[in-house]
Amino acid sequence: MNIPLNRHSNILDFSLSSLLRRKSKNLSLLVVYTLIIFVIASLIFFVQALKREAAQLLKEAPDMVVQRMVAGRHDLIPAAYGEKISAIRGVTSVSPRLWGYYYDQVFGANYTLLVAEGKPVEPGNIMIGAGVARNQRIQASDMLTLKTSANEALLLTVQGIYPSSSELISSDLIILSAEDFQAMFNLPPGQNTDLAVTVANPREQVTVAAKIAELFPDTRPILKSEILRTYDSLFEWRGGMIVVILAVAVLSFIIFAWDKATGLSAEERKEIGILKSIGWETSDVLLLKFWEGIVISLSAFLTGVVLAYVHVFFFSAALFEHALKGWSVIYPQFRLVPVIDVYQLTVLFFLTVLPYTAATIIPAWLAATVPPDAAMRS
Amino acid sequence: MIELSSVTKTFNADRHNQFTAVDDVSLTIEPGRLTILKGPSGSGKTTLLALIGCMARPTSGRIRLHNIRTSFFTEAENSALDITSLPERFLTEIRRTTFGFIFQQFNLVKGISALENIMLPAYPTGENQADFRRRALELMELFSVSRHAASPVEWLSGGELQRVAIARALVNNPAIIIADEPTAHLDSKLSGEFMEMVGNLKSEGKTILIASHDPLVYDSVLADTVVGMRDGRITGITGAA
């Protein structure tokens with residue numbers, strides 16, 4: 001081995017035994033540091049996984065949704081609108097949709113009621129999301145009673161429960177037949193909630209939307225890209241809460257690093273003096289402190305990131321899912337698909353490991369610039 | 001050989017608390033001999049040791065080291081190296097390779113083992129760790145402290161601490177040993193043992209320089225030269241060749 005490499009390995013060796021002799025101090029440093037990294041990395045993993053989850057599920061969303069507006073509010077749209085829209089050049093198909101919300105007073109939960117387009121369920125039957133099943137404590141072939149808008153009980157048989165893989169979106173879902181839906185909300189026939197429009201050429205979507213708005217000034221066409229953007233900003237809004245948590249975590253880190261930076265004890269100063277007096281250069285002392293900082297910060301970073309990965313992808317971010325997932329009492333329970341954003345992890349690395357290492361080196365550098373004869377006078 | 005010409009060290013120059021610790025000292029320290037700097041507290045002994053040991057630079061005057069080996073001077077140039085105005089990096093190298101220091105308070109690092117304390121000066125040299133570890137263990141054997149190799153230094157007695165401190169001073173195999181009041185914290189028996197060890201080192205050809213006001217040291221038969229000091233000046237030299 002050559003001399004510079006030996007020097008590094010020798011000083012790294014000494015820095016390890018140096019760390020071990022202040023076991024409790026360094027262990028508590030490591031725990032706090034790991035905890036901060038764990039919180040930040042969990043947030044990063046969690047938000048990325050949620051965004052990916054939403055994007056995956058919205059792949060199936062229609063190219064465009066046309067809603068009718070009355071007095072600036074979303075209202076029912078007549079089926080006749082759909083016929084005229086399908087005649088517009090470029091429109092492949094128009095499917096009328098029926099959906100709405102139902103508040104269950106007994107369980108205090110909001111459900112999304114939807115009439116399925118592809119495989120409709122028979123009247124009297126329903127398909128439910130896993131959250132509804134949990135909330136109502138029911139399973140397939142059980143009966144579910146909903147109260148119609150005429151205050152009558154509507155008895156429905158559970159045909160099946162959606163798998164938990166799509167639970168983020170389907171958790172609070174009840175799929176029912178058009179007849180049952182109309183009975184639930186006392187809807188007049190030929191009225192729909194909105195229209196799903198398919199446009200073959202994505203470039204024509206904006207033109208088609210403009211034509212629809214011109215043909216029916218009381219409608220609002222919403223493009224898929226706009227839905228995606230809304231979802232994105234929804235998660236970003238949640239990201240807003242994340243920013244608060246992130247700010248707290250970063251602030252804790254700054255306080256922690258500052259404490260470390262100003263916390264060079266008299267004993268540590270004396271040791272630096274001794275090292276200098278027996279032939280250590282200032283750069284040797286800095287190398288020692290650098291290795292001490294790197295050992296702590298790198299261990300904390302790696303441990304924190306691994307723990308965050310396990311927390312988010314194996315335990316579905318159990319520590320803060322209630323705060324960040326779902327907006328009713330039905331919390332989705334699903335295992336997030338692992339997504340690692342290397343860029344964000346790299347940023348996290350540079351925002352934590354580097355400042356901490358610098359915070360370790362700077363006070364040591366100040367102490368190491370003392371003249372070596374100071375140790376002779378102590 | 002160490003040669004000092006009109007060396008002066010002034011602290012806080014041009015300030016109200018200006019203080020001259022070493023005042024116009026000229027001295028020649030012969031190689032392979034035991035030289036004692038004798039004098040009361042505040043006579044400038046420690047400062048003079050620090051100047052010779054490349055820990056501080058003189059305010060004026062010259063210090064020359066003869067026949068020392070460094071990476072930045074060839075043998076031919078090396079015959080007399082003026083260390084007065086060398087940059088810190090070079091002074092550190094000389095301090096590390098040429099001098100071994102024994103401090104009054106021992107200055108051992110607490111919490112690490114006696115063996116690691118002895119190896120400390122060798123860590124930044126870039127030498128293979130196995131080599132200087134072996135050397136450190138041999139020194140522990142020599143000074144009968146082997147059984148404490150793995151013990152933290154705070155478990156050791158005063159005499160054992162002294163021997164660990166000497167072993168540390170020797171780990172880089174320096175030509176010159178500098179000791180500042182080495183017997184200040186030792187009883188007469190341990191001081192006698194220390195002088196025995198000094199005798200052994202001297203017989204190995206080491207140049208030894210001790211600052212002390214302990215009669216056990218400056219009256220020792222081992223002492224070749226005793227330099228008396230007071231108020232930063234030399235008051236007399238006895239036994240000079």
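A residue is buried if 20 or more other C-beta atoms lie within 10 Å of its own, exposed if 12 or fewer, and partly exposed in between, with C-beta atoms placed from the backbone. The model is predicted: local features need pLDDT of at least 70, side-chain atom pairs count only at pLDDT 80 or more, and totals for chains, interfaces and linings use all residues. Residues are numbered from 1 along each chain as its sequence is written, and chains are lettered from A, ligands numbered from 1, in the order in which they are written.

**View 1. Ser297(A) sits in helix α10 (residues 282-313) of chain A.** Helices (H or I, at least four residues) and strands (E, at least two) are DSSP runs, numbered from the N terminus. Ser297(A) counts as buried because it has 24 C-beta neighbours inside 10 Å. Leaving out residues up to four places away in sequence, Ser297(A) touches Tyr33(A), Thr352(A), Val353(A), Tyr356(A) and Thr357(A). Touching, or contact, means that two C-beta atoms, placed from the backbone, lie within 7 Å. Thr34(A) is 263 residues from Ser297(A) in sequence, yet the two are 8.4 Å apart in space, C-alpha to C-alpha.

**View 2. Chain A meets chain B: 28 residues of chain A are in contact with 26 residues of chain B.** On the chain A side, α1 (3-20), α9 (266-277) and α13 (374-377) give two or more residues each. The largest share, 10 residues, comes from α1(A). This side of chain A divides into 13 nonpolar, seven polar and eight charged residues. Here Ala, Val, Leu, Ile, Met, Phe, Trp, Tyr, Cys and Pro count as nonpolar, Asp, Glu, Lys and Arg as charged, and the others, Gly among them, as polar.

**View 3. Four strands of chain B form an open sheet in the order β2-β1-β4-β5, with antiparallel pairing.** Two strands pair if DSSP finds at least two bridges between them. β2 (19-29) and β5 (80-82) of chain B stand at the edges, each with a single partner strand, so one side of each has no neighbour in the sheet. The twist averages 25 degrees from one strand to the next. Seven bridges join β1 (residues 2-11) of chain B to β2(B). Thr10(B) has Thr20(B) as its bridge partner in β2(B).

**View 4. Helix α1 (residues 45-52) of chain B lies across β1, β2 and β4 of chain B.** α1(B) runs at about 60 degrees to β2(B). Axes are lines fitted to C-alpha atoms, for helices over the stretch in contact, and angles run from 0 to 180 degrees between N-to-C directions.

**View 5. Helix α2 (residues 88-98) of chain B has buried residues, including Leu91(B) and Ile94(B).** The buried residues of α2(B) pack against β4 (60-66), β6 (99-102) and β7 (176-180) of chain B.
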